[in-house]
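Biologist: I would like to learn how to read a model like this one. Please take me through it feature by feature.

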Amino acid sequence: MGKKGKRESATPCPETFDPLPVESKTPETVVLLLNSPEEDIVVKACKAIYTFAEKGDENKVSLLGLGALEPLCRIITHNNKLVKRNAFMALGSMATSGDVKNALKKLDAIPSIIKQLSLEEDTVVHEFATLCLASLSVDFVCKVQIVDNQGLPPLVQLLSSPEPDVQKNSLEVIINLLQDYKSRLMLLEMDLIPPLMELLNSDFPVIQHLVLNTLQKVTTAKGTLAMFREKQGFDKIMDILNNMDFSDLHSQAIQVVANCLSDSESINLIQEDGNLNRLMDFLLKPSTPEIQSKAVQCITQMAQNSESLKLLCEQKVEKFLVDLLNVADVNVKTSACHAVAAMSLHQASKDSFRDLGGIPAVVQSLNSNSSIQKEAATQALANLTYSNQLNAFAVYEAGGHEILVQQLQESCSKTVVSSATTLCNMAEQEVIRNSVLSHGAMQALVEPLKSSDAQILISATQCLSVLACDNKARVELHSTGGLQLLVNLLRSFHKDVLHNACLAVNVCASDELTTIEMCKYGALELLQEINQSKNRRSRFSNLAMMRLLHSNLSVKYSLTGHLASTDIITSGFYDTGKACSSQRIRTLEELSTEPVNQHRPIIAINITTEETTDVPEEGQRNPSELDTSTKGDRKSQRKKKKEDKQKDEAQSESVTEKPWSMMDDVSLQILIKEANKSILPLNDEREQFATLARLVSEAMGGAVEMEKLHEFPWMLHLSELKFQLQSNVIPIGLISRGIYCHRALLFKCLADCMGLSCTLVRGEYNRAWNEILLLKWNPSNQLSTQPRRFIVDLMHQPGSLLAVNTPAALQYQTI
């Protein structure tokens, strides 16, 4: 005012008007006055805009359209305190409108607003400046701007403002900022807890609600919980819970308590201070559904800690929860299911829930229209049935397994996971497993097997592993397309998904037909690829590979070149030769339908030939009698069989294509009968193997001197058979000129038919041999000594037994 006086006395201006009252009834005029150089006029214009804006959102939007926002943002930094104050009042009132808020973001007003938050500023400026920030802070970009412009420290300081509206607005801004991770970290580093504790004593319920809302967010961090404990925060919350005058705050207060109970140190402190009994009294007393739901959530949090879980059991909380499972309120029942799931981690609680009749109540919740309640109930059943077969049977008796099967196709991933887990827990009992399968479990599992969710795939494959031990279940899995989906999971790079898929494949490979189907889908090739990878291979993938090979000896022999004595050759076995590790081994049916080629023939075993049931006695000869006349008989039988077959086909009028079947092998059946007749009566095991070796040798061309091996016409013979049969597949009984690989395979086949134990090993260059295990007889003490392994000579001196690793054996294997 002094400067103005000096300026007037120095340069008197007789043309100056006296102050004029400004009166306007149009908003347009008032907005224009915001640009007036006269501070008094600007003050009055701001006040008029504030009054106009307070009447409703339409007026605020109207002012925005008239251009009031930009001049207001400019004058909130005015040197005149009254101008600044009224400008903030007008801006704050307008900012509560969504349209104004969006326009305000574009004007970059946040830095100017934050500068006016110093403690020296007018309280009214604080009130409306924080009101502006409360509106803007719901936007992510604005949150970043507030943090970047150092807005957090003054906001925390303003929590101690004497003006309730400033406290309220500051709390709203802080709550919005706590939703952002970066802002939350910065706020937690500040001394936020003490002013919040003070504001709990506010006379204004709205502020108390905002404080509790803030505490709900900040007490999820352990660092903040330590400060909360130091400031006796839990005591103050318990005071609120035990004061019925604050019943409107109980719902939020109990949530803060629940957060505290997730921390072991807080639980210990609560026990030491005697607050646990106060808390349990509150939790177990009747209340409104909302408070009951929150109280049960608190119990759920307590159950996460082993010490507090024991205390809950001592308080007989299970009875309280079972009662709540039968109330009408969905939220209460949902919370009760969550608490049952949490407490069921304790074995004693599992039994208590069953004894109190809680399991049927949980099963009933599976029928709820609420997806959240179904999810909670399914999780509860998963925990209740884990390692508890009595509970599993209780769920079965309540009909829970039927609903769980249906839930495997739910859209909620957590429900699907828990349903599959529960069924897996229950299906360990055969009676339950059969019932689960009868309700279409295999069909229901198909959809989860298509999922991209790792947890769904893990639980689905685990459930599949338990159910697929039943042969009918495997057939159903294949018919519904689930088997191919399972094999496809072997392509997964998720460690646990791959491991469980391998385990499921291992179970499904329990029978040959399922194994063959999985091999058609490429299971073997995928497992070979996995087992060659340093990162993906595991004992599970190796187990699945071995199981597949064990159920498909043809593939096993092609890939590994070895059949153990426990690998019994049966009809359907075929030898394609040595296969590459990445090569897919085609089925016998696929190989049989290919045109004749120049490659090595496929040697097939077919023991169950139809014509062998009544083999003529003259066909059953001793090994010494298997001369050329016997071979002629075989050719005659083949010729007659071929003619009969052609005749049958000519007479058939059926237009449907007959299913593929293996070529009959009458000659092999004759050899089997000859072997049984001449070898089984022998008492000496050595003589049995020697006689069998001579039988095999005679059937395949007799002994061949090593020096004349190159003259033995086995290749020409096999080519002639391929041409005669017009097939790449040759039944082994038709081979009358065979070398090592053919003789060793026939020896293994005949030995397996008679129950004699031997292996089959493939070598290089068409070499193969059989190893047997014999006890060495010691004539001096008439006792047998340590057993030794021998190779059976089938080629040069048929019947000779060559001790493994001796020069003779090595020569037989390699030369």
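Biologist: How many bridges join strand 7 to strand 10, and in which sense do the two strands run?

Modeller: Some ground rules come with that. This is a predicted model, where local features need pLDDT of at least 70, side-chain atom pairs count only at pLDDT 80 or more, and totals for chains, interfaces and linings use all residues. Residues are numbered from 1 along each chain as its sequence is written, and side-chain values use heavy atoms, with hydrogens and water left out.

Modeller: Strands (E, at least two residues) and helices (H or I, at least four residues) are DSSP runs, numbered from the N terminus. Two strands pair if DSSP finds at least two bridges between them. Here, strand 7 (residues 771–774) and strand 10 (residues 788–792) are joined by four bridges and run antiparallel. E771 faces I791 of strand 10.

Biologist: Which residue in strand 11 stands opposite I791?

Modeller: That residue is L802. Strand 11 (residues 801–803) pairs with strand 10 over three bridges, in the antiparallel sense.

Biologist: What is the order of the open sheet with mixed pairing?

Modeller: The order is 2-3-4, with three strands. Strand 2 (574–575) and strand 4 (729–731) are the edges, and each pairs on one side only. Strand 3 (residues 602–604) meets strand 4 in the parallel sense, over three bridges. I603 has I730 of strand 4 as its bridge partner.

Biologist: At what angle do helix 6 and helix 7 pack?

Modeller: Axes are lines fitted to C-alpha atoms, for helices over the stretch in contact, and angles run from 0 to 180 degrees between N-to-C directions. Helix 6 (residues 81–95) packs on helix 7 (residues 98–106) at about 115 degrees, with the axes 7 Å apart. Contact means heavy atoms within 4.5 Å. L91, M94 and A95 of helix 6 meet V100, K101 and L104 of helix 7. By class, that is five nonpolar, no polar and one charged residues. Ala, Val, Leu, Ile, Met, Phe, Trp, Tyr, Cys and Pro count as nonpolar, Asp, Glu, Lys and Arg as charged, and the others, Gly among them, as polar.

Biologist: Why is helix 23 described as largely enclosed?

Modeller: Buried means under 20% relative accessible area, exposed over 50%, partly exposed in between (1.4 Å probe, protein chains only). Six of the eight residues of helix 23 (residues 317–324) are buried, so the rest of the structure largely encloses this helix. They are V317, E318, F320, L321, V322 and L324. Their cover includes helix 20 (275–284), helix 21 (289–303) and helix 24 (330–343).

Biologist: Is T214 buried or exposed?

Modeller: T214 has 0% relative accessibility, so it counts as buried. T214 lies in helix 15 (residues 205–218). Not counting residues up to four places away in sequence, T214 touches L171, I174, I175, L178 and L196.

Biologist: Which residues touch the most other members of the largest nonpolar core?

Modeller: In soluble globular proteins, nonpolar side chains tend to be buried together. A nonpolar core is a set of buried Ala, Val, Leu, Ile, Met, Phe, Trp, Tyr and Cys residues joined through side-chain atoms within 4.5 Å. The largest one has 194 residues, and L72, L215, I237, L279, L283, M343 and L490 touch the most other members. Helix 9 (residues 123–136) gives the most to this core, with nine residues. A second, separate core of 58 residues includes W714 and Y812.
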